[in-house]
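Me: Could you take me through the main pocket of this protein and the parts around it? I would enjoy one connected account.

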Amino acid sequence: PAPARMPVPVARSSSGPHYPPVRLTTWFYIVMILVCGAVSGILTAWGMTDRKVTELLFFSWIPIIPAAVFWCIFIFKAWKAIQDDHTVATPGKALGFMFIPFFNLYWLFIAIGSWGKEYNGFARRNKLNVEPMSEGVFIAWAVLILLPVPIANLVLTIIGLVKMASGTNALADARE
């Protein structure tokens, strides 16, 4: 039999991105994440207030599953867009560490809170002509995720999703 072929190693350059440009459809992710979350909340509230439909409480968590899946895809893609040898986390690490109990309270400030800083560093290192990202928005978003302030959290989540998606798309445009 013929000898097995060894995979050819891919040379990593410290001067440029390692992934092809990534794009995010902003409205799609916002709608999927927020609508699924809202449906879950509505079903929960309805089931808790109307004794005739308490069975809804058993099913009210189901719409959270697609919202969580779209959230995970969104975070993974946003981190994939800013990858080079200097980025603090890989896409898998940025997302995966969010599933470690208690550690995720710290990691939230890396995966969400530091994304703006990492974006700006990536754009600067790779000399991409993009508008700098406001780092404070992402830090505030990470803080508000932990606090029980629903309206502010909703507003900052929408702003954060829009900024992450527009930044990711701006990097893709600048790299083409």
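**The pocket and its surroundings**

Reply: Happy to. The largest pocket has a volume of about 470 Å³, and please keep in mind that the whole model is a predicted one. Its lining is made of 19 residues, and those nearest the centre are Ile33, Trp71, Trp141, Ile145 and Thr157. Helices α1 (26–49), α3 (64–80), α4 (91–96), α5, α7 and α8 (150–175) are the elements that each give two or more residues to this lining. The largest share comes from α3, with 5 residues. What is the make-up of the lining by class? There are 17 nonpolar and 2 polar residues, and no charged ones.

Two elements give two or more residues to the patch, namely α5 (103–111) and α7 (135–146). Helix α7 gives the most, with 4 residues.

Now compare Ile112, whose place is in the loop between α5 and α6 (115–125). Is Ile112 buried or exposed? It is buried, with a relative accessible area of 1%. Ile112 and Val143 are 31 residues apart along the chain, and their C-alpha atoms are separated by 9.6 Å.

Phe102 has a positive phi of about 70° although it is not a glycine. You will find Phe102 in the loop between α4 and α5, where it is exposed, with a relative accessible area of 71%. Lys127 also has a positive phi, of about 50°, and it is not a glycine either. Lys127 lies in the loop between α6 and α7 and is exposed, with a relative accessible area of 73%.

How many salt bridges does a search of the whole structure find? The search finds 3. In one of them, the side chains of Asp173 and Arg23 meet at 2.4 Å, N to O. Asp173 lies in helix α8 and Arg23 in the segment before α1, so this pair ties together parts that are 150 residues apart in sequence. Asp173 counts as partly exposed at 47% relative accessibility, and Arg23 counts as partly exposed at 38%.

Arg23 has a further partner, Glu176, and their side chains meet in a salt bridge of 3.3 Å, N to O. Glu176 lies in the segment after α8, while Arg23 is in the segment before α1, so the pair ties together parts that are 153 residues apart in sequence. Glu176 counts as exposed, at 66% relative accessibility.

Then there is the salt bridge between Arg125 and Asp84, whose closest N and O atoms are 2.9 Å apart. Arg125 lies in helix α6 and Asp84 in the loop between α3 and α4, so the parts tied together here are 41 residues apart in sequence. Arg125 counts as partly exposed at 30% relative accessibility, whereas Asp84 counts as buried at 5%. As for shared partners, salt bridges join Arg23, Asp173 and Glu176 into one network.

Notes
Residues numbered from 1 in each chain as written. Predicted model: local features only at pLDDT ≥ 70, side-chain atom pairs only at ≥ 80, totals over all residues. Heavy atoms only, no water. 1 Å grid on protein atoms, 1.4 Å probe; cavity = no way out; pocket = protein on both sides within 12 Å on 5 of 7 lines; lining within 4 Å. Points joined across faces, edges and corners; volume = space filled by probe spheres on them. Nonpolar A, V, L, I, M, F, W, Y, C, P; charged D, E, K, R; others polar. Buried < 20%, exposed > 50% of the residue type's maximum accessible area, 1.4 Å probe, protein only. Salt bridge = Lys/Arg side-chain N within 4 Å of Asp/Glu carboxyl O.
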